[in-house]
Structures are given as structure tokens and as C-alpha cells.
Amino acid sequence: MADAAQAARHVLIAADKFKGSLTAVQVAQRVSAGLRRVAPDIEIVSVPVADGGDGTVAAAVAAGFERREARVTGPLGEPVTAAYALRDGTAVVEMAEASGLQLLPEGVFAPLTSTTYGSGEVIAAALDAGARSIVFGVGGSATTDGGAGMLAALGARFLDAAGEPVGPGGGALATLATADLSGLDARLADVELVLASDVDNPLTGPKGAPAVYGPQKGATPEDVAELDAALAHFAKVLGESVGPKAQEYAESPGAGAAGGIGYGALVGLGASFRPGIEVMLDVLGFAPALERATLVITGEGSLDEQTLHGKAPAGVAAAARAAGIEVVAVCGRLALSPAALGQAGIRRAYALTDVEPDVARCIAEAGPILEDVAERVAADFLS
């Protein structure tokens with residue numbers, strides 16, 4: 001690796017969080033500290049990244065966006081404080097801030113009744129703050145309501161046969177009789193809204209939101225069947241209001257993202273769907289940072305098969321490889337073969353478990369161990 005060692009004097013750290021241990025910002029700080037122990041004079045630029053899921057607002061703030069907060073409705077109907085990010089008319093909204101699993105009390109799930117109403121309220125807050133374009137990062141949701149709650153918060157009306165608003169959550173959509181989107185916030189027509197997600201599932205069916213993601217939100221097999229039927233009914237009733245595009249969007253990639261909120265954004269908000277990491281790399285200024293780099297360090301808590309399907313390290317590696325820049329990765333746990341890493345554009349991966357085999361200690365002491373791992377990277381590529 002002598003040639004790499006001589007060349008790699010400008011390092012770009014573009015890693016995601018180590019979920020449950022370190023934020024993306026903390027990962028960058030620890031990797032930087034470890035690198036400098038071996039190569040104190042190298043130039044380091046950090047661009048903490050996210051793929052649209054939880055941590056997306058934090059990554060935007062680290063890139064220079066202003067953190068804003070709004071008091072909104074949580075997934076169980078209780079008030080929560082949700083953050084979003086704003087800069088130069090562009091807002092980064094993370095649905096998990098208002099409707100995420102992390103907002104539920106430990107051991108409590110509400111697969112049939114949890115709502116995305118608060119996510120719509122955060123979008124409204126961004127509009128109030130002057131946003132002209134919105135990056136809507138979706139993932140980590142507690143909800144499976146097809147985005148109905150979000151649309152209701154923005155002015156849509158969903159009524160049962162008695163003309164009363166349907167209840168919160170995906171289960172209540174089974175009682176939906178009429179859907180009226182004409183009252184949606186008029187400002188949405190003049191805003192570019194990008195749905196940023198690493199999920200390309202349709203709304204319903206074997207690969208739909210309830211079947212694939214419902215169980216992690218506490219849904220039993222019976223709940224999954226009920227939610228799948230309710231969301232299919234939701235799309236059917238919306239079709240009577242907005243026409244054939246309602247069903248087309250239901251089958252579109254990304255419709256099943258975050259319990260179907262992707263569908264609500266596509267059919268109701270005029271959103272365009274893009275892979276989350278691609279959107280976020282653009283928003284975070286990754287390309288300008290890449291221009292001077294001679295080595296890129298990416299990573300996340302677990303490098304596994306999921307990483308290869310739209311997660312942040314894969315997106316970073318693809319962009320760096322296209323620019324002809326070598327990439328290494330750091331992670332808590334490594335479950336990919338050298339061949340799979342190579343196909344993803346990652347030269348080598350360094351896991352915390354290589355330094356400390358005890359997984360519990362890796363989680364509890366992730367920061368110091370990551371610094372030791374970064375020393376190994378520096379010894380191989382920078383010394």
C-alpha cells in the first residue's frame with residue numbers, strides 16, 4: 001500500500017452514524033483523532049452523512065444548516081418537539097423527528113393507530129419559515145398510515161360514511177369513504193419536494209409497507225393483513241378523488257417508504273423520489289469536498305447486505321469511485337466479504353470487533369475503540 005500511503009494526504013470523512021453508539025458527527029471526530037495520532041499533518045475534511053433516515057437533520061446542521069424546532073403531534077398523538085434544518089430556502093425535514101419509532105415508550109407499539117400527522121406539521125413549519133424546496137427524508141417510522149396523517153395536517157380531508165374524519169393510523173383507513181385533497185396548503189404547489197429514501201418498496205402487497213416493515217413496528221400477522229387491506233382501500237378511494245395516478249403511485253418505487261408516507265408524498269404533495277443518499281450528498285456539499293480528497297473514509301454501525309442497497313456508505317463509495325478516489329470503511333460490525341466490499345467500491349473495511357471482540361464493549365466504548373481503528377487505517381494508508 002505504499003503508493004496509497006504516499007498519495008493520501010487529503011482525507012475526506014463521510015460516514016453515517018453508528019446507531020445506538022455514535023452520531024455521524026461523533027464518528028468523524030473520533031476517526032479524525034485516531035488518524036492524527038499517526039499522521040498529525042494530514043488535511044481532514046468531515047462531511048457527516050445520512051441516507052434520509054434518522055440522523056438526517058443532524059447531518060444537515062453539521063453541514064451548516066440552521067437547526068429549527070417545531071412543537072408537533074407525535075406518533076401516539078402526544079406533543080413532541082421535532083427539529084428540521086433550513087438554509088437559503090432549502091429545508092431538510094426528517095419524518096422520524098415527528099413520527100419515528102424512537103419517540104415511542106420502550107416496549108410500546110401502535111401499528112394500527114400511530115399517525116404521521118406531526119410530519120405534516122413539520123412540513124408546514126418549514127413552509128412558514130420560507131422554504132422553497134424541501135428534502136423530505138423518510139425512514140425509522142413508527143407508522144403505517146400511508147401518509148394520511150401528514151396530508152390531513154396539511155389540509156386534506158379523509159371522511160367516513162357518516163362524514164366524520166377517520167381516526168388516526170392505518171387501521172382507520174378501512175372506514176374511509178371520501179378523500180378530498182383540494183384543501184391542501186396552496187404553498188405546496190410552488191415548492192419542490194424531494195422524497196429521500198433508501199426504500200423502493202411499493203405501498204402494498206408482499207413487498208409493501210405493512211408486509212415488509214410492519215412487524216418491526218409491532219404488527220402481528222393479523223395486523224399486517226388489516227393494514228395492507230386498509231392501505232389498498234386508501235389508494236382506491238384516493239383514485240376516486242385524484243384519478244388513475246393514485247394507483248400508479250401506489251405501485252411506484254418508494255411508495256412503501258416509512259409506512260407508506262412515501263405514497264402520501266407522491267400522490268398528495270407532488271414529490272419526486274430519489275435515493276436518499278444521493279439527495280443528501282448533494283445537499284451536504286459532498287462533491288466540492290471530494291475534489292481535493294485523495295482518500296475517503298466512510299462507514300456505519302453495521303456493514304452488511306443492507307449497506308449495498310442504498311445505504312450511506314454504498315452511496316459515498318460509488319461517488320468516490322466515479323471520481324477515481326480510494327475508499328476505506330469503518331464500522332462496528334463487518335458482515336461483508338472482501339469481494340462484496342470491492343464490488344461496492346470499498347478497498348478495505350475496519351471493524352471495531354477487530355480491536356475488541358466483545359460486542360457489548362464495542363457498543364459501550366465505541367468512541368475510544370473507533371480511534372484505535374482509525375490508527376490502523378492511518379498506519380495502512382497514511383504513514
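This note covers the salt bridges of the structure.

1. The model is predicted, so local features need pLDDT of at least 70, side-chain atom pairs count only at pLDDT 80 or more, and totals for chains, interfaces and linings use all residues. Residues are numbered from 1 along each chain as its sequence is written, and side-chain values use heavy atoms, with hydrogens and water left out.

2. The structure holds 20 salt bridges. A salt bridge here is a side-chain nitrogen of Lys or Arg within 4 Å of a carboxyl oxygen of Asp or Glu.

3. Asp372 pairs with Arg37 in a salt bridge, and the closest N and O atoms are 3.3 Å apart. Asp372 sits in helix α17 (residues 366-381) and Arg37 in helix α2 (residues 24-38), so the pair ties together parts 335 residues apart in sequence. Helices (H or I, at least four residues) and strands (E, at least two) are DSSP runs, numbered from the N terminus.

4. Asp372 is partly exposed at 33% relative accessibility. Arg37 is partly exposed at 43%. Buried means under 20% relative accessible area, exposed over 50%, and partly exposed in between (1.4 Å probe, protein chains only).

5. Both residues belong to a network of salt bridges that links Arg30, Arg37, Glu371, Asp372 and Glu375.

6. Asp51 forms a salt bridge with Lys311; the closest N and O atoms are 3.9 Å apart. Asp51 is in the loop between β2 (43-46) and α3 (56-62), and Lys311 is in the loop between β11 (295-303) and α13 (312-322), 260 residues apart. Asp51 is buried, at 6% relative accessible area. Lys311 is partly exposed, at 22% relative accessibility.
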